[in-house]
Amino acid sequence: MDNLTDIKEIWQKALENLGAEIGVQSIDLWIRPIKPLFIEGDTFKLEVPNSIIYNTVKQRYEEKIIALLSALTGKELKISYSMSMAPTETEAAPVHKPEPAPMALPANYFSFNPNYTFESFIMGTSNRFAHASAEGVAKTPGQTNPFFIYSAPGLGKTHLLHAIAHGIFKNNPQAKILYTASENFVNEYIDAVRGQATEQFRSKYRKLDCLLLDDIQFLVDKERSEEEFFYTFNSLFESKKQIVVTSDRPPRELALGQRLISRFLSGVVADIKIPDFETRVAILRQKRDQHKYDIPDDIVTFIAENVKKSIRELEGCLITVGNFCANMKIQPSIDAVKEIIKDHISDPEHDDRKITIELIKDVVAAKYNLELKDFSAKKRTEAIAFPRQVAMYLATSLTDLSLTDIGDAFGRDHATVMYAKNKIGQMVQTDPYFNETLNQMISKMKNVSNSV
């Protein structure tokens, strides 16, 4: 049953059964572009054309596919993915067999994506500092070291990692650069220990000119791998080689050893926030032009207004709408698009605008050891004035209240609120350590707000 013909037959039968459950349209959009490669032991290997399809299949359909494949083969199977590097999702790419590798790579390990460059990265207020810092790293690697980027998933961290690689290669085509996920680092280290090949492993990582490590949070609770990375980090750092690390949270929130966290904080720390409306529209227009979709601006605006949390999800919605309308030969309308992307539309019940002045005061007061009455006090000491300015700034960012209403809540006028907004806003752009503190408070507010 392990020959190629049987693989195709098994996969085709699985698609037929899955289609009966999720519908032919979903099969055509998400499953049909996937290619079955081979079965090895208890692993069914699939090739996916891009990260959008990989993420959608992984989240929505993987369990169903595994159940169907296991039933058809009589084996308890798991799925392993590889990624083909198609120029775009709409262009046909040649089928190329996976290259033999000394170690098995996870699905999210792939070479530098030709589409992930600084030129294709849409810059806005949400990512300006991270983008500028990444460009600086690419131009003069080793000077801004280490560079730590954090954000929620799907906001462009991996894009910037690949863009840094392309930028360094432009100036030094001989540079030894490695992009890898932390999960792969751990798996490689485990294999090296088992195979008594730790010296080869260390040589591979410690002779690099630039290490781009994605999702450092995967090292949490993996003490030996963390220790190995610590020594790798030190070796590269002392040789003035570039280290770039990404995470889904700021350094101080990582449950890693203090000595590693202190090294992250010794460099530049930049976060990427959720993109604002104008940036989301720009991203969608770029993706529309790239794929030559016939989608009018009112549809683009509708998607940008309703899909807010993730650039990956935003682009995925546009691709879904574009492919659906092309396959069904219909012109996109607001009603049709609303139905197509209904699972991705933000829930207004859990919108960040639900954050209140009272919640902001509570969180800021706890952070700076104040009493709530201090926010309205006449005192102007730095110990009280600065936290009050922080709270007013957050109120302008996270609520719909006017400057006058915010001023009233703090016993101040609207001019004082404007001053606080400008002062704290400037610190956000220039002080990554303060920015980290601010984001910790915002994250706490969102968690409290969404749990209500």
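A residue counts as exposed when its relative accessible area is over 50%. Keep that cut-off at hand for this tour of a predicted model.

**Stop 1: N369.** Select N369, in the loop between α14 (357-368) and α15 (382-398). Its relative accessibility is 71%, so N369 counts as exposed. Now check the backbone. N369 is not a glycine, yet its phi is positive, about 55°. Most residues other than glycine have a negative phi.

**Stop 2: D221.** Go to the loop between β6 (210-214) and α8, where D221 sits. Here too a residue other than glycine has a positive phi, near 70° for D221. Is D221 buried or exposed? At 72% relative accessibility, D221 counts as exposed.

**Stop 3: K222 and K361.** Select K222 together with F218. K222 lies over the face of F218, 4.1 Å from the ring centre. Then show K361 and F410. The charged end of K361 sits over the F410 ring, at 4.9 Å from its centre.

**Stop 4: the rings of α8.** Select helix α8, residues 223-238. Show the side chains of F229 and F233, which are 4 residues apart in this helix, about one turn. A pair of aromatic rings is described by the distance of the centres and the angle of the planes. The model holds 13 aromatic pairs. F229 and F233 form one of them, with 6.2 Å from centre to centre and 70° between the planes. An angle over 60 degrees counts as edge-to-face, so this pair is edge-to-face.

Now colour by accessibility. The cut-off for buried is under 20%. F229 has 0% relative accessibility and therefore counts as buried. F233, at 2%, counts as buried as well.

**Stop 5: α4 against α5.** Select residues 128-139 for helix α4 and 157-171 for helix α5. How far apart are their axes, and at what angle do the helices pack? The axes are 8 Å apart, and the angle is about 30°. Angles under 35 degrees count as roughly parallel, so α4 and α5 are roughly parallel to each other. The crossing of α4 past α5 is right-handed.

Show the contact side chains next. From α4, take A130, H131, A134, V137, A138 and K139. They meet L160, I164, G167, I168 and N171 in α5.

**Stop 6: N145 and P146.** Finish in the loop between α4 and β4 (147-150), where P146 is found. Check omega between N145 and P146: about -5°, a cis peptide bond. Most peptide bonds are trans.

Key: Residues numbered from 1 in each chain as written. Predicted model: local features only at pLDDT ≥ 70, side-chain atom pairs only at ≥ 80, totals over all residues. Heavy atoms only, no water. Phe/Tyr/Trp six-rings, centres within 6.5 Å; stacked < 30°, edge-to-face > 60°. Helix = DSSP H or I, 4+ residues; strand = E, 2+ residues; numbered from the N terminus. Buried < 20%, exposed > 50% of the residue type's maximum accessible area, 1.4 Å probe, protein only. Lys NZ or Arg CZ within 6 Å of the ring centre and 35° of its normal. Axes fitted to C-alpha atoms, helices over the stretch in contact; angles between N-to-C directions. Parallel < 35°, antiparallel > 145°, perpendicular 65-115°, else oblique. Left-handed = near helix turned anticlockwise from the far one by under 90°. Contact = heavy atoms within 4.5 Å.
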